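Hi,

Here is the structure I promised to pass on to you. Have a look at it first, and then read my notes below.

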Amino acid sequence: MPYFDTNVQMMDAGMILIDSNESFGEMLGTVKATLSGYGKLYIVNDTNGGKFTNGVALSDLPESTAYCDLFIDRSTIFRKRYLSCTVEWAGEGKYALKLKEGNKNAPLRDLVTLLMSGYGFIYVLMGRNILFRLAGLGLILVGLYLWSKPSVSAQKTAKEILMAFQK
C-alpha cells in the first residue's frame, strides 16, 4: 500500500473539453494511457484501494484532492508532487478533463535549505570582514528562496497533459 502525504495542498491546474465519440470507459482508458508516462499512476476507488493492483482508496489521498478518477505520484527525495485527474461526461459527445496538482517540500529539501541558511547565519555573525557577512546574507536569502519556491515541473506537467488532449 503506497503512502501519500495527506498535508499536500491540491490546487486546480486546469480543465479541457475533449470532443470524442468514445464511451466513458474508452475515454478513461485513453486518459490513463496518456497519463501513465508521467509518473506512478493509480486508479482511485471510492471504498477499497485493493480492488485493482495499482488502485488506492480515496481516503488515502491528500484531503484537498476531493473526488478523482486517476492519481499520479511524481515525488522525488526533495519534493512531494501529485497530480489528480477527473474525467466527466459533459454531454453532446464531450468529456471534461480536470487536473489538480500539488507539491510540497520533502524533509530532505527542508534540511538542505535549513543548513544553507544556517551556514549563512554563521557567516553573518562570525564573518571576518564585510565580504563574508554579505556572502552569509546571500546564503540566507538563497536558502529562503529555494525553500519557498513552488515546483515549476508540476505546473509544466499539468500543461503538457492538457495540451496532449487539444486538437
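The mean positions of the 18 positive and 15 negative charges of the protein chain lie 13 Å apart. Lys and Arg count as positive and Asp and Glu as negative, with His and the chain ends left out; each charge is placed at NZ of Lys, CZ of Arg, CG of Asp or CD of Glu.

Before going on, a word on where this comes from: it is a predicted model, so local features need pLDDT of at least 70 and side-chain atom pairs count only at pLDDT 80 or more, while totals for chains, interfaces and linings use all residues. Residues are numbered from 1 along each chain as its sequence is written, and side-chain values use heavy atoms, leaving out hydrogens and water.

Now the overall layout. The protein chain has four helices and six strands (DSSP runs numbered from the N terminus: H or I of at least four residues for helices, E of at least two for strands). Starting at the N terminus, the order is β-α-β-β-β-β-β-α-α-α. The radius of gyration is 21 Å, well over the 15 Å that the globule rule gives for 167 residues, so the protein chain is more spread out than a compact globule. That radius is taken over C-alpha atoms, and the rule is 2.2 Å times the number of residues to the power 0.38. The C-alpha atoms fill a box of roughly 70 × 35 × 25 Å along the principal axes.

How much of the chain is buried?

(Two strands pair if DSSP finds at least two bridges between them.) Lys40 has Asp73 of strand 4 as its bridge partner, while Ile43 has Gly55 of strand 3.

Finally, look at Thr113 in helix 2 (residues 107-126). Thr113 counts as buried, at 6% relative accessibility. Leaving aside residues up to four places away in sequence, Thr113 touches Gly143, Leu146 and Trp147, where a contact means heavy atoms within 4.5 Å.

Cheers

Technical notes:
Buried < 20%, exposed > 50% of the residue type's maximum accessible area, 1.4 Å probe, protein only.
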